[in-house]
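Have the model open while you read.

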Amino acid sequence: MVDFLIKIAVIALYTTIAMLVGILFMGIGRKIVARVHNRVGPPVYQGFIDIAKLLTKKTNISHGWIYDLALLFSLTGIILTILFLPIGGVKLLGTEGDAFLVLYLLAIPALGFALGAGASGNPNAAIGVMRALVMMLSYELPFVITMIALMIYYDTSSIAQIVELQRARWAIMIPPFMLAAAVADMALQGMLMEAPFDIPTAPHEIASGPMAEFGGKHLGSLMLYKAGTIVAYTTLFVDLFLGGGVVMHDGSILSYIVNFAVWFLLILLIFTLSLLINASFPRFRIEQAFKFYWKYEALLAFISLIWVYLMVIS
Amino acid sequence: MRYEEWNKISRIASRKSLWMLHFCTGCGAVELPPVMTSRYDMERFGMGPMATPRQADVLLITGYLTVKTLKRVVNVYEQMQSPKYVISFGSCPINGGMYWDSYNTVKRLDRYLPVDVYVGGCMPRPEGVMNAFLELMKLIDEGKARGWEKYQKYYEQYKRNQKMAFGFERGKNEGD
């Protein structure tokens, strides 16, 4: 019973920290993009102010109960995804075979988002949702192939175990996974909806797409969801290729703190890389993005998969 | 008392993160790119452009309004979520400016929408625009930017004026 309560407390703590880190990253991201544009940019805590403002709005227009509940659906989905990923080497809900589970869970929040946007009834939102789903279909193929390569190499389908087996050296230091990591990083770009793959939420073409009708508290929860996705996707990348940021293994209090700090720095690094790409490229049209992922990225991912397979059988 | 404190937090948050929707009529829209980009950089104050009225807090009326565009502006304003603010650019929304004797231009915007801050000039320079934003932030902080409450309170009068301008009712000629 006490163990159970402690587990719940730890899960609540990690969820809170992950969401706070995500909101902080939104501010850091705007600051980095501003510096690339040679501007001063907002303060790094801007994300907190924005969310506080949206949640304290006096009027909140609803477009029916699906619109209200879909946001909770996507927020819950993203929190569940975070809980299945080892953060700083700490396994919260991970079990055997959770790599497949995470692949499914990653689709749930996006579908919830699509449901809410569809319920709002705006034609721009419908176009945006269609593009977001095509984008999801595009980036998942190369990403799944890289994940299969990892599963074959480490002979496990548990993310926690993949992190554990990277103790000696990180996956990114093994030649075929350098290629796979490059592919996965571009897939991450699509997951985070940063340029050149930000056509689903393009503000100029389709009036920010799925978000077109969101305002007030609804937009506030959507921003919380966005903060969650930043942490979830970057953590997934760090867990798969950078050893989850685990550098100390002795299980002391200090090792938890150090691992957590390293995890934070690594996801910040990955996020910064993604933002620098975002700040320097224009956006692809949806069919160009689709072609990019299925033609070039999938090919590279497949090469890395065959390479890994040959390494394993030899 | 607690409601007042909550309002204060809400005011601080909304002062530091004003998302704007620029309704680009007239010539004021051209003053906004320098304000947004690296020369003046309004994002320092947490301001930024937004794509739709639902997401925005500040409506910028950048120049003169014809009666036809006024209909759209009223639609856009009513779609925004409270608390919402209006900034009007240039002398046209104040007294008609150079369109003072035009038959289809709205002379006083204040009769149709509650304006919180006016920026004078024809057109105001980006410095003036920045100054207006800072003034709006000050007013919000002091709790004086109450245009949206005024619109709710005097909704009948505003609607009557708007209908008169649109010509739904026979009445006094618009704009005197």
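1. First, a term: a residue is called buried here if 20 or more other C-beta atoms lie within 10 Å of its own, and exposed if 12 or fewer do; in between, the residue is partly exposed. Bear in mind that this is a predicted model.

2. Start with helix α11 of chain A, residues 286–313. Its 28 residues should span 40 Å at 1.5 Å a residue, and the end C-alpha atoms sit 39 Å apart, so the two figures agree. There is still a bend of about 35° in α11(A), at Glu297(A).

3. Which residues of α11(A) are buried? They are Ala289(A), Tyr293(A), Glu297(A), Ala301(A), Ser304(A), Leu305(A) and Val308(A). So Glu297(A), where the helix bends, is on the buried list too. What do the buried residues pack against? Look for α5 and α7 (175–191) of chain A.

4. Now hop over to Ile152(A), which you'll find in helix α5 (residues 123–154) of chain A. This residue counts as partly exposed because it has 15 C-beta neighbours inside 10 Å. Setting aside neighbours within four places in sequence, Ile152(A) touches Val308(A), Tyr309(A) and Val312(A); of these, Val308(A) is among the buried residues of α11(A).

5. As for the two chains, 28 residues of chain A are in contact with 18 residues of chain B. On chain A's side, helix α2 (residues 46–55) gives the most, with 5 residues. Sorted by class, that side of chain A has 12 nonpolar, 10 polar and 6 charged residues.

Conventions: Residues are numbered from 1 along each chain as its sequence is written. Chains are lettered from A and ligands numbered from 1 in the order in which they are written. This is a predicted model: local features need pLDDT of at least 70, side-chain atom pairs count only at pLDDT 80 or more; totals for chains, interfaces and linings use all residues. Two residues are in contact if their C-beta atoms, placed from the backbone, lie within 7 Å. Helices (H or I, at least four residues) and strands (E, at least two) are DSSP runs, numbered from the N terminus. Ala, Val, Leu, Ile, Met, Phe, Trp, Tyr, Cys and Pro count as nonpolar, Asp, Glu, Lys and Arg as charged, and the others, Gly among them, as polar. The expected span of a helix is 1.5 Å times one less than its number of residues. The bend at a residue is the angle between axes fitted to the seven residues ending there and the seven starting there.
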